[in-house]
Each structure stands twice: as structure tokens, then as C-alpha cells.
Amino acid sequence: MKNPTILWADDEIDLLKPHIMFLTQKGYELVTVSNGVDALEACENNDFDLIILDENMPGLSGLETLVRIKEVRPDIPVIMITKSEEENIMNQAIGNKIADYLIKPVNPNQIFLSIKKNLHSREIISGETTSNYQQEFNHIGSLISQSDSCEEWMEVYRKLVHWELELSHAETNMEDLLKMQKIEANAAFAKFVKKNYERWITTDDHPLMSHEIFKKKVFPLLDNGEKIFFVLIDNFRLDQWRVILPIISNYFTFEEELYFSILPTATQYARNAIFSGLMPNKIAEMFPDLWVDEEEEEGKNLNEAPLIKTQIERFRKSYPFSYTKINENSFGEKVLSNFGTLTNKPLNVCVLNFIDMLSHARTESKMIRELASSEAAYRSLTESWFRHSSALDLFKKIAESGYKVILTTDHGTIHVDNPIKVIGDKNTNTNLRYKVGKSLSYNPKQVYEIKAPSRFGLPSPNLSSTYVFATNRDFFAYPNNYNYYVGYYKNTFQHGGISMEEMMIPLVTLSPK
């Protein structure tokens, strides 16, 4: 691999020979010129990896040369060196996308550091990230084997998400090792859930769960006089929250925590539990007209506003509220244009469905599968959507209005690749991560089964209904037409079952800056 080549333009270049010798000894090839015109000519005839420009040169100034270079070679990083500390010169240089700005006198090590930052940061970051993850690997492994509380499992999941994001930003060969560690963690997490889930539902000894969000997080703020936007992004995982965090933090400070979704980790159950403040069997019992059974054809999340109303009334609150569901950008634009009508209510509930739509589209569309071919690509699409959608404008408006935001989701999603067989009758639901039916056939060692649904807060469509849940990266496949079914759904993102990604989900309180 050839040594990096650097162009250095300075009208006092002869006085910089010690600096040039120092950089040459460090392995760089230097081409030197004394004015902007010669710098432009050199750029036309050579390929440089980096350019160092003096701002104060006769003829074409450094800033003028910078503009001309950026027109033809916007990809080359430029370090500007100047005697001036005037703010307007700094602003012009930064506005023209310089890589760094150094003020004379500079010593060789300052320049060397800036060159390393701009030419070698990727290799340095990759090396350090690899080394740091290798050091953390055994520690995370110990946490996985020893974790026996919700708080410890949250720590495991946060660490895995942290390293997943770190490794995705660096060129390393650690991704497969991390994937194996996540699979190991999810296998142990499933055992933890199987051991504890019944206790969580039947006693007060449990983590914060779906049906308690309004009671413990929303009502206390409203009772304290706060004005709230409750924003629920469907299918929103911790890693996806972390990629939009840098955008959100321009407008809000935040407090991040995790809570546990109830089972099944699916909209019909988890989101209705959030909005009603009840477990699903209690919704079906107390408000049968608002609960839709699995075998019914109508949408399973059409009664969210009425469910919110029942919860407010049950807790004897008198807060006026609005409910808005945004399924497409054009409707989001309408919400923004009528934003003033929302600011006279203390509580505004907004459901954003894009990520759920993306997840389903990825299953059904070959093009979307290509665009979201990996976890990193899936996160990238989430970030791109948020940055360019009406959702970001909504958050900006909320910040300007002085409202706090509770940002959360009803469940996450997991990338599945391991089919397991299940047999059910024609009334069995179609979800790939959980099944409910009266005559299911399956291997009980491969699933988490619930044979007494009411004890777990779940309705029974039939007297003998059983719920079974897939764990880790498994998904349910029917024996008939098995190969087609497996080929169609393998490597898709699904929800409804037991995994860290589906169950431990972000709950973020945002305060406007």
C-alpha cells in the first residue's frame, strides 16, 4: 500500500522544512507549493490524500483556493492553517467544510495529529474498538451466565446494543462474534423469562410492564402540572432509539430507561395493555366491545382512543386528551398544520407506525429486503426515515411548545432465521413468533407454553386454548409447504415472542431544551 500523499500550500514553505522532514520520517510523501494557483494546478495533475492550506497567501487566498478545490475535489480533506483568530475567517473555513483549523505557530506534532485524525481515524477506531470489545467479551459472557434479575438483564442488553453500534461504525471482524454472544444471551434470557414470567403477572414482584406505563409514568407528570406528548413508535427497539438520539438531542434532554413488554409482544396485546392500563384478559372481560379476538377479521388496534379514555376515567382523572395515529407522511403534514389544536390539551397521544410498516414491508418486498439486509441497514433506514420525515418536524414543534415527551413503543422485533414446526387448526393465528389455539402440536422443549391463559393475563378464545411462544431467533413454520414457508420468512424481522429485542424496550422522557 502506497504512502499517503499530501499537498502543502504556504507562501513561507521554505521556513517549514523541519515540519516537512518530520512528516516525511512518519511515512508521508509531501508535495509543496507556495501559492493558490500552483495548488490548484497540482490538484489537477495529481491525486492527493490530504491538503494543507495556508489561509494568508498572496494572489489567491487560502479561502479562495479552498472554494476552488472543493468545487473539483470535494472528497479531499483540507486542513487550514492561519495566523488569524478572526471569527469570520473561521466561519468561512468551517462553512466550506474544512477537515481541521489550526492557528500559527503550529508544531509538527499538531499537524501530525490532525493528519492522523483525518487519514487514519477509521483504522485507529477499528483497532481500538476491536481491542476494547475483545476485553469486554469475557465480562459480558460472565454477566450473561450470572444474570438473575431484570436489572442485570437490562445491563446485559444495553452492553450488547452498545457494542453492536460501536462495531457497526468500525471495520472489524468482530460482528460474527457479537452475533454469537447475542444468541447465547437470548437463550439464557428465554430461560430467565420462563422461570419468572408467571410470578411477574401474578404478584407485585415484577419490573415495569406494559399495563403500568400510564399509571406510573404518565399520570404522575400530569398530576404535577406537566403537559405531555405520549409518542409511541411501533416496533421500536433500543438500538433504533440510539441511532435517532443524536438528532433528538438537538432539541431535548433525555432520561432513558427500559421496561418489559407483556407477552405476546404484539400490538393487539402489548399496545392495548398500555392504553387501557389492563392485562388483555381484563380488557376482554370489562370492555368486550373494545377487544378483538384473534380469529376475528377486523383490525386489532382500532379502539386505542376509547381504551385511553377508559383508563383515564378508571383512575378518576379529568385530563382532556387527543389521539393521533400517523401511518404516512402526508397525514403527518396535516397534523403539523393543525398543531395549534393540540396545544390546548394537557395530554396528546401520537402513534407512529412507520417502523412497523418497514418491518412488514421487508418481509413482503424483495427491494426492501435488499435495503434492510442486515441489522445495521435496518437501523440506517430507521435513522433516514426519522431525519427526513414529518416525525422530526413534530418533535421540533413539541420542543417549541414546551411540552415534555414520553417516547416509547409497545414491543421490539427480532431477526429470525431458525424455523421450528408447529401444527394448528384453521383458527390458529398467523403470527410467526407466537401461536394461540385449542389443538396445537409442537415440541414443548422448543417453546414457552401457557396452558392456563387467564393466570397470565391472557384471554382464552376457547376453553382449551394454549399459547406458545418462540424464543431466540426461532420462528414457527407449518409442515405443509414447509420449504416455501421457511424460504419466504427466514431472515425477516418478526415480533410476538421472547427475546431481549422484543421484550426490553425503550421508555424515554424528553424535556425541551
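Two strands count as paired if DSSP finds at least two bridges between them. The legends below describe a predicted model.

**Figure 1. Overview of the chain.**
The secondary structure comes to 20 helices and 19 strands. The C-alpha trace spans about 90 × 50 × 40 Å along its principal axes. The chain has 513 residues, and 54% of them are buried. Take the contacts between residues at least 6 apart in sequence: 74% of these join residues at least 24 apart.

**Figure 2. An open parallel sheet of 5 strands.**
The strand order is S2-S1-S3-S4-S5, and the pairing is parallel. Strand S2 (29-33) and strand S5 (100-103) form the edges. Each has a single partner strand, so one side of each is left without a neighbour in the sheet. Neighbouring strands are turned against each other by 20 degrees on average, direction ignored. Strands of a sheet pair through backbone hydrogen bonds, either parallel or antiparallel.

**Figure 3. Strand S3 and its two pairings.**
Strand S1 (residues 5-9) pairs with strand S3 (residues 50-54) in the parallel sense, over 4 bridges. Ala 9 stands opposite Leu 53 of S3. S3 also pairs with S4, again in the parallel sense and over 4 bridges. Here the bridge partner of Leu 53 is Met 80 in S4.

**Figure 4. Side chains of S3.**
Which residues of S3 point one way, and which the other? Leu 50, Ile 52 and Asp 54 point one way, while Ile 51 and Leu 53 point the other way. In a regular strand the side chains alternate between the two faces of the sheet. Buried here means under 20% relative accessible area.

**Figure 5. The crossover from S3 to S4, with helices on the sheet.**
S3 and S4 pair in the parallel sense. The chain runs from S3 through H3 to S4, and this β-α-β crossover is right-handed. Helix H3 (residues 62-72) packs on the sheet, where H3 touches S3 and strand S4 (78-82). The direction of H3 makes about 155 degrees with that of S3. Helix H5 (residues 108-119) lies across S1, S3, S4 and S5. H5 runs at about 180 degrees to S5.

**Figure 6. Helix H10 against helix H17.**
Two packed helices are described by the angle between their axes and the distance between the axes. For helix H10 (residues 238-248) and helix H17 (residues 375-388), the axes come within 9 Å and cross at roughly 35 degrees. The crossing is right-handed. From H10, the contact is made by Asp 239, Gln 240, Val 243, Ile 244, Ile 247 and Ile 248. From H17, the contact is made by Tyr 378, Arg 379, Thr 382, Glu 383, Phe 386 and Arg 387.

How many disulfides does the structure hold? The number is 0. Cys 150 has a relative accessible area of 8%, so Cys 150 is buried. Cys 350 also counts as buried, because its relative accessibility is 0%.

Most residues other than glycine have a negative phi, and most peptide bonds are trans. The bond joining Lys 104 and Pro 105 is cis, with omega about 0 degrees. Pro 105 sits in the loop between S5 and H5. The bond from Leu 263 to Pro 264 is cis too, with omega near -10 degrees. Pro 264 belongs to the loop between strand S7 (252-260) and helix H11 (267-276).

**Figure 7. Two asparagines with positive phi.**
Asn 472 is not a glycine, yet its phi is positive, about 50 degrees. Asn 472 lies in the loop between strand S16 (466-469) and strand S17 (474-477). Its relative accessibility is 11%, so Asn 472 counts as buried. Asn 481 also has a positive phi, near 55 degrees. The loop between S17 and helix H19 (482-489) holds Asn 481. Is Asn 481 buried or exposed? Its relative accessibility is 54%, so Asn 481 counts as exposed.

Definitions and conventions:
Residues are numbered from 1 along each chain as its sequence is written. This is a predicted model: local features need pLDDT of at least 70, side-chain atom pairs count only at pLDDT 80 or more; totals for chains, interfaces and linings use all residues. Side-chain values use heavy atoms; hydrogens and water are left out. Axes are lines fitted to C-alpha atoms, for helices over the stretch in contact, and angles run from 0 to 180 degrees between N-to-C directions. Contact means heavy atoms within 4.5 Å. Buried means under 20% relative accessible area, exposed over 50%, partly exposed in between (1.4 Å probe, protein chains only). A crossover is right-handed if, with the strands pointing away from the viewer, the path from the first strand over the helix to the second runs clockwise. A disulfide is a pair of cysteine sulfur atoms within 2.5 Å. A crossing is left-handed if the near helix is turned anticlockwise from the far one by less than a right angle, and right-handed if clockwise.
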